[in-house]
Amino acid sequence: MSILQPIATGVPAPGAAAFTDLAAVQAWDAWFRWREGDDLHDTSIDATWRRVANALGSVESTQQSAWAHRFHECFSTWSLLPDERVIAHAGTGRIEWNHALASAINLAVLVRNPISDNAQFDFHHFGEIATLSVRALDNAVLIAERHGTDPLSLSIGLIGLADALALLDIPYASHAALGFAARIGECLKTATSKASTELTAERGALASARNRYQKLTGLQSHPRLSLLANNVSDAIAPLPAPFLPVRVDAHSRPVVTNGYAMEYAHRAGHVAQIGEMRAKASGSPATTRALQNALAPYFDVVRL
């Protein structure tokens, strides 16, 4: 069976971890796949997600399997991408994260009924994922602490904004896009703040802070996580140019890719709409800055 799988309509089914972009396969193999010499431990991307989910779930005081299942469900549907060092090393016996941790929520896969009159963004599920993302990274902090690392800071960010807009038929350079971005930012801020408060009640604050984390949201670039997530747009950047050759490293061959949204349209039979989608997805640097300004009030840190 090919390692590339068809894209399902709407949000992929839980547990159905699959690649739809060859560049993403190369990214996984080069940066995130666990291997030791000739021993290949991660035989599939789902094996990677299970390794990471089980490692993060193992530090829970109760219901470890249930938490691991919830983490795996989010990872395997490409909804939540934890810190790239956590993906690469959690569950391998190596603790390679020793400073700020950054995860990204993939907006593109949270569009229900994409490219249709019934397309809508699942804000409820987005909030649930944002809440879970804080716990997932906090568990990575607990793992690091057990190995003598000082408490780390967390940053929950976004990828796939332009893809989500394209799948919702919202022009990238529009007032509707600015309104959508602001609602995303508000929802993320509310959910992560609530998660930090709940974790403080459960696990206590860090250092002398009243809340477990004072800063949680970060608007920043996640190029490796974006590429791994079937080549969604990075953070709030516009869609990549069509037929863009991508080369993961010096050892991999260049791969021509269309990016997540356009690949979805092609595989789902919307070929005739791709040209119009691309036209609506275009935007200038000023457009991207406007989206950043719409999101900035809801983010603790902005590094774009």
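Let's start with a pair of helices: α5 passes α7 in a right-handed crossing. Keep in mind as we go that this is a predicted model. Two packed helices are described by the angle between their axes and the distance between the axes. For α5, which covers residues 123–146, and α7, which covers residues 175–203, the angle is about 45° and the axes lie 8 Å apart. Angles under 35 degrees would count as roughly parallel and those from 65 to 115 as roughly perpendicular, so α5 is oblique to α7. If you colour the contact of α5 with α7 by residue class, you will find twelve nonpolar residues, five polar and six charged.

Helix α2 (residues 45–57) and helix α3 (residues 64–76) have axes that come within 8 Å and cross at roughly 140°. Only angles over 145 count as roughly antiparallel, and therefore α2 is oblique to α3. Here, too, the crossing of α2 past α3 is right-handed.

Now turn to the strands. An open sheet is built from three of them, in the order β3-β4-β7, with mixed pairing. The edges belong to β3 (80–81) and β7 (154–159); each has a single partner strand, so one side of each has no neighbour in the sheet. Between β3 and β4, which spans residues 101–106, the pairing is antiparallel and runs over two bridges. To find your place there, look for leucine 81, which stands opposite alanine 104 in β4.

The largest pocket holds about 360 Å³. Its lining consists of 25 residues, and those nearest the centre of the pocket are Ala100, Leu101, Ser153, Ser155 and Arg303. Two strands of the sheet, β4 and β7, are among the elements that give two or more residues to this lining, along with α4 (84–89), β8 (218–220), α8 (223–228) and β11 (301–303). By class, the lining of the largest pocket has ten nonpolar, nine polar and six charged residues.

Key. Residues numbered from 1 in each chain as written. Predicted model: local features only at pLDDT ≥ 70, side-chain atom pairs only at ≥ 80, totals over all residues. Heavy atoms only, no water. Pairing = 2+ DSSP bridges. Helix = DSSP H or I, 4+ residues; strand = E, 2+ residues; numbered from the N terminus. 1 Å grid on protein atoms, 1.4 Å probe; cavity = no way out; pocket = protein on both sides within 12 Å on 5 of 7 lines; lining within 4 Å. Points joined across faces, edges and corners; volume = space filled by probe spheres on them. Nonpolar A, V, L, I, M, F, W, Y, C, P; charged D, E, K, R; others polar. Axes fitted to C-alpha atoms, helices over the stretch in contact; angles between N-to-C directions. Left-handed = near helix turned anticlockwise from the far one by under 90°.
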